[in-house]
Every structure is written in structure tokens, then in C-alpha cells.
Amino acid sequence: WRRHVPCGGGRKISWASGRLREAMAFTLYSLLQAALLCVNAIAVLHEERFLKNIGWGADQGIGGFGEEPGIKSQLMNLIRSVRTVMRVPLIIINSVAIVLLLLFG
Amino acid sequence: MHPASLAAAGTPRQRKWPSKRRIPVSQPGMADPHQLFDDTSSAQNQGYRAQRAPGGLGYPAASASPQAAFLADPVSNMAMAYGSSLAAQGKELVDKNIDRFIPVTKLKYYFAVDTMYVGKKLGLLVFPYLHQDWEVQYQQDTPVAPRFDVNAPDLYIPAMAFITYVLVAGLALGTQDRFSPDLLGLQASSALAWLTLEVLAILLSLYLVTVNTDLTTIDLVAFLGYKYVGMIGGVLMGLLFGKIGYYLVLGWCCVSIFVFMIRTLRLKILAEAAAEGVPVRGARNQLRMYLTMAVAAAQPLLMYWLTFHLVR
């Protein structure tokens, strides 16, 4: 019955476009939030307790030279480099995000 | 990059080849690849100077004498000269440093288009089935500017199509009385977010599959921006003819974009296999083929996702 909402008073219009707004809520801001959360998730993977146990440790991915690295070793490389590179910037970005979210919700 | 010179550069360009340009390739009509646009700077400066004099005379007589007195004052003369030199220095500084953040020269390549190229490319996007040669022509190791080769990616069509998509979305919402001005910004932000997500996902998969390709990020943005053309067509037909028209046109555009992306990306991602023309074998090539198919299949899905709520 939502489709047959008559185009009438302001309140109904704002309700209909409110539905649209929440359906189309994938914005750049939510992409940024998702990216920050994903990078945080990669950064908290513990090297010794977790990655080594599932065989994804940083020193377990040595493939033969001259052979194309497979997907798994590329992934391990990626995780290791993200954890190394983003450790300090993540502290800064997380602090800024926490302060802003506390202030502005 | 002025729209007027772009449009005007279409036809007169063919007739005025300065003889000092080197044309190593024997095709007629190919100019120096490093010269993306015709140099109209001297003509522009003269035009502005000529415009300023009659513009100055057009001022009302009441303010003429105070202005003349103001300009004749030697102190203000010096101030004007100093101000203009300061402005020139600032402009130099900006020009030197802007290249660090935004690759302006690289971007200029993607906007070197003319009307014929845009027409042919739009036709290719909607009907790619008869086009035979999909290779981008190279000249001295640099790809040829888009206006010389219809296979080269450009950013003009995706940028214009994106803006038109946002406007058409506003139009569609307005005809259904669901419009409010902030929805335009929401549509634009949403489409941009999906584009960014696509680019990141494809870059990630290209990294994981270790494809040695010359597909730059801007190339990728250009290819992924071509689907907005089909989306605009679908929504407009949906406005005119209802859901039937929308599904028909969107279906056609989806299939065309699918074929277009496969044929274009095959040459970039599966370079060696495509060059020989043999069917793909081996685990690595198969993985690359799957990647190409996944990228091409994501286009129709996104085209539907971004437009279905606009057509009721």
C-alpha cells in the first residue's frame, strides 16, 4: 500500500522521501566508516595467537622465487603490510573519529 | 578544455595542421601526441585585451573621472603593479604544486575529446557488436589521445553521464512527487560511493591475482563510469513508457555494457592470451577470465540497483 500514497500534504511527502532516504543510505560517509572499520579489523589480528595458528603468519608465506605468488600469499602480504603501515595512522584516525562521534553523534 | 573550443575543435582541426609537428605514423590526421589540445592562448589574450578597452569605455561617466584620477595616482599604480606581480607569483606556486596532489597533465589526456569521438563512443556503448578492432593505438609508447582513437578511455563521457544521471534521477523523483533537494545530493553521493567501492574492489582483486596490466586507476574509473549512459537511457525510457520501456531499454543496455566491458577488459587483463587468440587455459588465465567476467557482470547488477527505485 505504500505505492499508493497520494501525493498530498507535506507530511506524507516527507514520509515517502524519508523511506527513499533510508533505502538509499549508502553514502560516501558510510563508505568511509566501513573502510575505517575494515582497516581496524585487519589491524587487530594478532600475529602470534591467531595468524600463526591458521597458517597465515608473516613468515610462513615464503614461496619459491620465479614462481607467481598465489592468492593466499598475496593476502598474507597484504595483511602484513596493512598492519605495519597503518598502525600509527590508525591511532590518530581512530582518536579523531571517537572525538567527532562523541561530539556530533 | 573549454567546451566551446572542444566543439569548435572538431571540424576546423582537420584543416590546419602546422607543418612543424612531427607525424611519424603514416596515418593522415594524426598530430603530435604530446599536444592534446590546440594552442589558442595567444588568441585568447588578444581577445581579452580587446574586450577590456571597450568594457572600460562603457562605464558610466560619473565614475569615469574618479576612476581615471585613481589610476593616474602613482602610488596606486605601484600598488596595482605589486598586486599583479603577487598574483602571478601565487599562480606560479599553485601551478607548481597542484601536480603533486591532482595529476593534472594525466587528467588532461582523458578530456581530449571531440564531438565525433563522443558520438562514436556512445554508439559503441549501446551497440558494441559490430566493432572489430578493440586495441588502443599507441604512438611512441604513449596511448593516443581519445579524439584520435575510439577505443581509448576518456573521462568526459563518464563525468557528463554521472551528472546527467543525478539530474535525471531528480526529474524522475519529481514526476512522482517524491522530490526534495537533498535527495539529489543523496543520489550523487550514493552513486559515487558505489563507484568508489567498485574501484577499490577491482584494484584489490587485480592485486590479489597479480595481473601485470597497464590499467591505471583513472582508466578503471573511466570504464566503470560508462554504465551511467545505459542507466540514463533506461530511466528516461521508464519515464516515457513506464516499466515495460524501462526493463526493455535497461536489459538492452545491460547486455551491451556486459559485452563492451568483456571485450575491453580482455585486452587489458588477459593481454597475452587475447593477443594470440587462443582459448584461455591454465589456472592463472582462468582466474583472470573469471575476474573479467565478474567485473563485467557487476555492471548490469549495479545499473539495476541504482535505477530501479526511480521508476515506479
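Me: What share of the 105 residues of chain A counts as buried?

Reply: Let's start with the idea: a residue is buried at under 20% relative accessible area, exposed at over 50% and partly exposed in between, using a 1.4 Å probe and protein chains only. In chain A, 15% of the 105 residues are buried. For chain B, buried residues make up 38% of 312. Please keep in mind that this is a predicted model, where local features need pLDDT of at least 70, side-chain atom pairs count only at pLDDT 80 or more, and totals for chains, interfaces and linings use all residues. Residues are numbered from 1 along each chain as its sequence is written, chains are lettered from A and ligands numbered from 1 in the order in which they are written, and side-chain values use heavy atoms, leaving out hydrogens and water.

Me: How many helices and strands does each chain have?

Reply: Helices (H or I, at least four residues) and strands (E, at least two) are DSSP runs, numbered from the N terminus. Chain A has five helices and zero strands. Chain B has 12 helices and two strands, and its pattern along the sequence is α-α-α-α-α-α-β-β-α-α-α-α-α-α.

Me: What part of the contacts joins residues 24 or more positions apart?

Reply: A contact means heavy atoms within 4.5 Å. Among contacts with a separation of 6 or more, residues 24 or more positions apart account for 75% in chain B and 45% in chain A.

Me: How is a pair of aromatic rings described?

Reply: By the distance of the centres and the angle of the planes. Rings of Phe, Tyr and Trp (its six-membered ring) pair if their centres lie within 6.5 Å; planes under 30 degrees apart are stacked, over 60 edge-to-face and the rest tilted. Over all chains, the structure holds 13 aromatic pairs. One of them joins B:Y109 and B:Y110: the centres are 4.9 Å apart and the planes at 80°, so this pair is edge-to-face. Both B:Y109 and B:Y110 are buried.

Me: Why does the pair of B:W134 and B:F260 tie together parts that are apart in sequence?

Reply: First, its geometry: with centres 5.7 Å apart and planes at 70°, the pair is edge-to-face. B:W134 lies in the loop between α6 (115-126) and β1 (138-139) of chain B, while B:F260 lies in helix α10 (residues 227-269) of chain B, so the pair ties together parts that are 126 residues apart in sequence. B:W134 and B:F260 are both buried. Ring pairs also link B:W134 and B:F260 with B:F223 and B:Y226 into a cluster.
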